[in-house]
Amino acid sequence: MLLIVAIAGGLYLAVAAARLAAFARRPLEYVSEFSPTITVLKPIAGLEPNLYENLASFCAQDYDEGYEVVLCLHSRDDPAHAVAERIARDFPAHTIIAIGETAGMLNPKIANLAKPEVELRGEVVVIADSDVRVGRDYLRALGASFASARVGAATCLYSATPSAGVVARLGALFIEDGFAPSVLVALAIGRLRFCLGATMAVRRTVLDEIGGLAALGGQLADDHRLGELVAGTGREVALSPYVVSTGVSEATLRELWLHELRWARTNLAQAPAGYAFSFVTFALPFALIYLAVSRNLAWGIPLLAAVVTLRVAVHYLARRALHVRRPDDLGLVVVRDFLSLAVWVVSLFGRSVLWRRKTYRA
């Protein structure tokens, strides 16, 4: 069984490498005759590393067609309120601050965004997490994604910007070497039916049709829910060629473990069958375990060599496709893959998750 799983994992790595190579060759010209007006919703809750720089990147766009950035906070007592006010002073033409939340919603992020007094005026509504940073051509890229009338929503892959420390770098490897390739492989199998939280863009008319932001407030996985609802209308969820960057600030292994366990159990709740078989993506740990348990050098050594070659290829192709510029962390790949396998195993035994110091059931 270990041999079969390791071989299947090697095949997955081969497909992932091919998909990453294709994504790396994508055209990066974001020119389109369709340039919609855009409303960007930013959920903010507490001070985060580089919060000002991250928010400012959304307000300093090369986009003349009209856009607004709504900075949403639960309360004026939030220490991030001072940062939001500074953003509003520095970018008065594009920034709105909205305070308060909608009571009764399970999802605190959507409760922060769904404020009755906030009018969504843009033809496209974008939701992007507060730890995301973008370039000045971000809105032009998203606008171009909606050139086809068939597209109801668009989303973006993301790279990671880890803070100092080995733990944050392990978190970054999960995003770039694990999560991003899995999205591209899923897209090769079938149509995209989910969005990614770093960027969720949707036509305002489609958002109204599916029930508005309130339709996302009853589940923790608002990104998955939005994609499902849009796909349910018969429209496409497009993957933009644009790549954004998200911060990884976990300083301890416990913080990283709890964060990734929340992701894992949320994915398990959304797609139980697919997630249950996702262990095949951990080819390197299974190849090493097979060699140690079987002691079959005739099979184990060639298999391990092939898996290592493919795993290294995925690592470097991901760096190229996602425009990763920080120093290489190839030496952490084995630790990263065993940690991912451990998270997968533990995620199967329980449903509780911790999100911003509150416990939920996925």
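**Helix packing and aromatic pairs**

H1 passes H12 in a left-handed crossing. That is where I will start, and please keep in mind that this is a predicted model.

Helix H1 covers residues 2-24 and helix H12 covers residues 297-321. Their axes are 9 Å apart, and the packing angle is about 25 degrees. Angles under 35 degrees count as roughly parallel, so that is the term for H1 and H12.

Which residues of H1 meet H12? On the H1 side they are Leu3, Ala6, Ile7, Gly10, Leu13, Ala14, Ala16, Ala17, Leu20, Ala21, Phe23 and Ala24. On the H12 side you will find Trp299, Leu303, Val307, Leu310, Arg311, Val314, Leu317, Ala318, Arg320 and Ala321. Sorted by class, the contact has 19 nonpolar residues, one polar and two charged.

Helix H2, residues 51-59, packs with helix H3, residues 81-90, at an angle of about 35 degrees. The axes of H2 and H3 are 10 Å apart. Is this crossing left-handed or right-handed? The crossing of H2 and H3 is right-handed.

From H2, the residues in contact are Leu51, Tyr52, Leu55, Ala56 and Cys59. They meet Val83, Arg86, Ile87 and Asp90 of H3. The class count here is seven nonpolar, two charged and no polar residues.

Now the aromatic rings. There are eight aromatic pairs in the model. One of them joins Tyr158 and Phe179, with ring centres 5.7 Å apart. Why is this pair called tilted? The planes stand at 35 degrees, and planes under 30 degrees apart count as stacked, over 60 as edge-to-face, and the rest as tilted.

Tyr158 sits in strand E6, residues 151-162, and Phe179 in helix H6, residues 166-189, so the pair ties together parts that are 21 residues apart in sequence. Is Tyr158 buried or exposed? Tyr158 has a relative accessible area of 13%, so it is buried, the limit being under 20%. Phe179, at 21% relative accessibility, counts as partly exposed.

Elsewhere, ring pairs link Phe277, Phe279, Phe286 and Trp344 into a cluster.

Last, one glycine. Gly274 belongs to helix H10, residues 272-276. Gly274 has a relative accessible area of 48% and is partly exposed. How far apart are Gly274 and Ile97? In sequence they are separated by 177 residues, and in space by 40 Å, C-alpha to C-alpha.

Notes. Residues are numbered from 1 along each chain as its sequence is written. This is a predicted model: local features need pLDDT of at least 70, side-chain atom pairs count only at pLDDT 80 or more; totals for chains, interfaces and linings use all residues. Side-chain values use heavy atoms; hydrogens and water are left out. Axes are lines fitted to C-alpha atoms, for helices over the stretch in contact, and angles run from 0 to 180 degrees between N-to-C directions. Helices (H or I, at least four residues) and strands (E, at least two) are DSSP runs, numbered from the N terminus. A crossing is left-handed if the near helix is turned anticlockwise from the far one by less than a right angle, and right-handed if clockwise. Contact means heavy atoms within 4.5 Å. Ala, Val, Leu, Ile, Met, Phe, Trp, Tyr, Cys and Pro count as nonpolar, Asp, Glu, Lys and Arg as charged, and the others, Gly among them, as polar. Buried means under 20% relative accessible area, exposed over 50%, partly exposed in between (1.4 Å probe, protein chains only). Angles under 35 degrees count as roughly parallel, over 145 as roughly antiparallel, 65 to 115 as roughly perpendicular and the rest as oblique. Rings of Phe, Tyr and Trp (its six-membered ring) pair if their centres lie within 6.5 Å; planes under 30 degrees apart count as stacked, over 60 as edge-to-face and the rest as tilted.
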